[in-house]
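Me: I'm new to reading protein models, and I'd like a close look at one part: the salt bridges. Could you walk me through them and then show me the surroundings they sit in?

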Amino acid sequence: MEGFDPFSRWDARAAERYVNRQRGDEQDATTFLAKLAGKGKALEFAIGTGRIGIPLKQQGITVHGIEGSPHMVEQLHTQPDGENIHTIVGDMSVTLMNEQYDLVYLVYNTIFNLLTEDDQIRCFENAARHLTDTGHFVVETAMPHTWMEPGKSDYVKAEYIGTDKVMLDVARFDPATQLFEENHVTLTETGIQMNPIVCRVISPGEMDLMARIANLRLVNRFSDWKESTFNSNSVMHVSVYGHR
């Protein structure tokens, strides 16, 4: 998408929308992550407004964060139990906390926000850099086949049709670059509003190779936070990596 700035997506308006936005899996995710963190510390890459970080902290775990958007951090720190979560504004693929953690985690397709293979590899390397010898790096994403119907490379979908507003989801996927370009377009009588998104979609197997480059290994892979078996019918995966 020409002229797209990945960080421009997470402005003050987006940060306000994300406060208290729930997906319904928060309890399961927190239980899963808390078990891996044990009595240690956890670091969330792209902590956002604290959807997972805050409930994890409420379980008695010390949580730190790296977040690319200062607006997200501002919203995080205005919430109860979010105000004292130590967070650095920076790129999760290279920013250093100068501490080690028993758990580093990255949820809900966030690794796809890094738009090159090199940046995604650096993210794995940065996670490894922050892990204790027995620590774990957890990544959650959707499976690539769920992003586009088989045989198609683009689509236009009606998300909402009303008398005074129409919302469209417009997307295309380039298999050469693995970039999924999407724009949620809102049409009203007063104008047009765009909400562009670009992701670099990668498979679990590609992540495993990135982990090997970072001297990590796959420890376990599940179909969801409830530790359901991962198989060919899975629409997402939760992958757990540790030092080799």
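Reply: Start with Glu206 and Arg200, whose side chains form a salt bridge with the closest N and O atoms 3.4 Å apart. Keep in mind that this is a predicted model, so every distance here is computed from it. Are these two partners buried or exposed? Glu206 has a relative accessible area of 16%, and because buried means under 20%, Glu206 counts as buried. Arg200 is buried as well, with a relative accessible area of 7%. As a rule, side chains of opposite charge can pair when their charged atoms come close.

How many salt bridges are there in total? The count comes to eleven. Some of them join up: Arg23, Asp25, Glu26, Arg51 and Glu140 are linked in a network of salt bridges. Let's take that network piece by piece.

One piece is the pair Asp25 and Arg23, whose side chains meet with 3.2 Å from N to O. Asp25 counts as buried because its relative accessibility is 14%. Arg23, on the other hand, has 37% relative accessibility, so Arg23 counts as partly exposed.

Another piece is Glu26 with Arg51, where the closest N and O atoms are 2.6 Å apart. Why does this pair tie together separate parts of the chain? Glu26 lies in helix H2 (residues 26-37), while Arg51 is in the loop between strand S1 (41-45) and helix H3 (53-57), so the bridge connects parts that are 25 residues apart in sequence. Both ends are covered: Glu26 is buried at 9% relative accessible area, and Arg51 counts as buried at 17% relative accessibility.

We just ran into S1, so let's follow that strand. S1 is mostly covered, with four of its five residues buried. On one hand, S1 pairs with strand S2 (residues 62-67) in the parallel sense over five bridges, and in that pairing Lys41 stands opposite Thr62. On the other hand, three bridges join S1 to S4, and these two strands also run parallel; here Glu44 stands opposite Tyr105 in S4.

Now zoom out to the whole sheet. Which strands make it up, and in what order? Seven strands form an open sheet in the order S3-S2-S1-S4-S5-S11-S10, with mixed pairing. Strand S3 (87-89) and strand S10 (216-222) stand at the edges with a single partner strand each, so one side of each has no neighbour in the sheet. On average, neighbouring strands of this sheet are turned by 20° against each other, direction ignored. At the S10 end, S10 and strand S11 (residues 236-243) pair in the antiparallel sense over six bridges, and Phe222 has Val238 in S11 as its bridge partner.

What about the nonpolar side chains? The largest nonpolar core has 35 residues, and those with the most contacts inside it are Phe45, Ile111, Phe124, Phe137 and Leu216. Several elements give two or more residues to this core: S1, strand S4 (101-106), helix H5 (117-130), strand S5 (131-142), S9 and helix H6 (204-213). H5 gives the most, with five residues.

S9 leads us to another sheet. Four strands form an open sheet in the order S6-S7-S8-S9, and the pairing is antiparallel. Which strands are at its edges? They are strand S6 (154-161) and strand S9 (191-200), each of which pairs on one side only. Neighbouring strands of this sheet are turned by 15° against each other on average, direction ignored. Inside it, strand S7 (residues 165-174) is joined to S8 by ten bridges, and the two run antiparallel; as one example, Met167 stands opposite Thr186 in S8.

Leu187 belongs to strand S8 (residues 179-188), and Leu187 counts as partly exposed because its relative accessibility is 31%. Together with Ile192 and Met194, Leu187 forms a nonpolar patch on the surface, with about 280 Å² of accessible area for the three together.

Key
Residues numbered from 1 in each chain as written. Predicted model: local features only at pLDDT ≥ 70, side-chain atom pairs only at ≥ 80, totals over all residues. Heavy atoms only, no water. Patch = residues over 30% accessible without salt bridge, like charges linked within 9 Å, V, L, I, M, F, W, Y side chains within 5 Å. Areas by Shrake-Rupley, 256 points an atom, 1.4 Å probe, with all protein chains shown as cover. Salt bridge = Lys/Arg side-chain N within 4 Å of Asp/Glu carboxyl O. Buried < 20%, exposed > 50% of the residue type's maximum accessible area, 1.4 Å probe, protein only. Pairing = 2+ DSSP bridges. Axes fitted to C-alpha atoms, helices over the stretch in contact; angles between N-to-C directions. Core = buried A, V, L, I, M, F, W, Y, C linked by side-chain atoms within 4.5 Å.
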